[in-house]
Amino acid sequence: MDILQTTRTPAVLEELGRRIERLRLRRNLSLAQLAEEAGVGTATLQRLESGSNPTVKTLVQVLRALHRLADLDALVQEVEVSPFEISEGRRTPRRRASGSRG
């Protein structure tokens with residue numbers, strides 16, 4: 001299943017859980033083995049794989065144990081300073097939005 005902008009949150013979580021389960025099985029790891037490697041409880045890993053609202057911390061721990069943590073880099077890419085900000089002479093990145101949508 002492709003995850004699109006319009007995909008509802010529960011469906012995204014379920015798909016994420018299915019993908020993590022497939023990664024675990026591809027590495028031939030039992031639920032207990034991956035949970036131990038990730039430093040999470042077996043029930044926590046089961047909830048993640050079933051799409052039951054995982055924490056970001058749990059996701060990071062499990063992806064690290066599956067040797068897929070670098071995949072998060074593609075998920076949320078580094079935001080570079082824009083030429084516009086440089087031309088304004090800003091020395092530090094913005095910390096607040098202006099409130100208007102341009």
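Predicted model: local features only at pLDDT ≥ 70, side-chain atom pairs only at ≥ 80, totals over all residues.
A residue is called buried here when its relative accessible area is under 20%, and exposed when that figure is over 50%.

The buried residues of α4 are Thr58, Leu59, Val62, Leu63 and Ala65. Look down the axis of α4 and these buried residues sit within an arc of 160°, so they line one face of the helix.

**Helix α3**

Now for α3, where Leu45, Leu48 and Glu49 are buried. Seen down the axis of α3, the buried residues keep within an arc of 95°, so they too line one face of their helix. The cover over the buried residues of α3 includes α1, α2 and α4.

**How the helices cross**

Two packed helices are described by the angle between their axes and the distance between the axes. Here are two pairs from this model:

| Helix pair | Axes come within | Crossing angle |
|---|---|---|
| α1 (residues 9-26) and α3 (residues 42-50) | 6 Å | roughly 120° |
| α2 (residues 31-38) and α4 (residues 56-65) | 8 Å | roughly 105° |

Take α1 and α3, whose axes cross at roughly 120°. That angle makes α1 oblique to α3. On the α1 side, the residues in contact are Glu14, Gly17, Arg18, Ile20, Glu21 and Arg24, and they meet Leu45, Leu48, Glu49 and Ser50 of α3. Sorted by class, this contact of α1 with α3 has 3 nonpolar, 2 polar and 5 charged residues.

For the other pair, the axes of α2 and α4 cross at roughly 105°, and the two helices are therefore roughly perpendicular to each other. Leu34, Glu37 and Ala38 of α2 make this contact with Gln61, Val62 and Ala65 of α4. The class count for α2 with α4 comes to 4 nonpolar, 1 polar and 1 charged.

**The nonpolar core**

Which residues of the largest nonpolar core touch the most other members? Out of its 15 residues, they are Ile20, Leu34, Val40, Leu45, Val62 and Leu66. The elements giving two or more residues to this core are α1, α2, α3 and α4.

Leu34 is worth a click in your viewer. Leaving aside residues up to four places away in sequence, Leu34 touches Arg24, Leu29, Leu45, Val62, Ala65 and Leu66.

**Positive phi after the helices**

Some backbone angles to check while you're there. Is Asn53 buried or exposed? Asn53 counts as exposed because its relative accessibility is 61%, and the cut-off for exposed is over 50%.

His67 follows α4 and has a positive phi near 60°. His67 lies in the loop between α4 and α5, and with a relative accessible area of 62%, His67 is exposed.

Technical notes:
Residues numbered from 1 in each chain as written. Heavy atoms only, no water. Axes fitted to C-alpha atoms, helices over the stretch in contact; angles between N-to-C directions. Helix = DSSP H or I, 4+ residues; strand = E, 2+ residues; numbered from the N terminus. Parallel < 35°, antiparallel > 145°, perpendicular 65-115°, else oblique. Contact = heavy atoms within 4.5 Å. Nonpolar A, V, L, I, M, F, W, Y, C, P; charged D, E, K, R; others polar. Core = buried A, V, L, I, M, F, W, Y, C linked by side-chain atoms within 4.5 Å. Buried < 20%, exposed > 50% of the residue type's maximum accessible area, 1.4 Å probe, protein only. Arc of directions from axis to C-beta.
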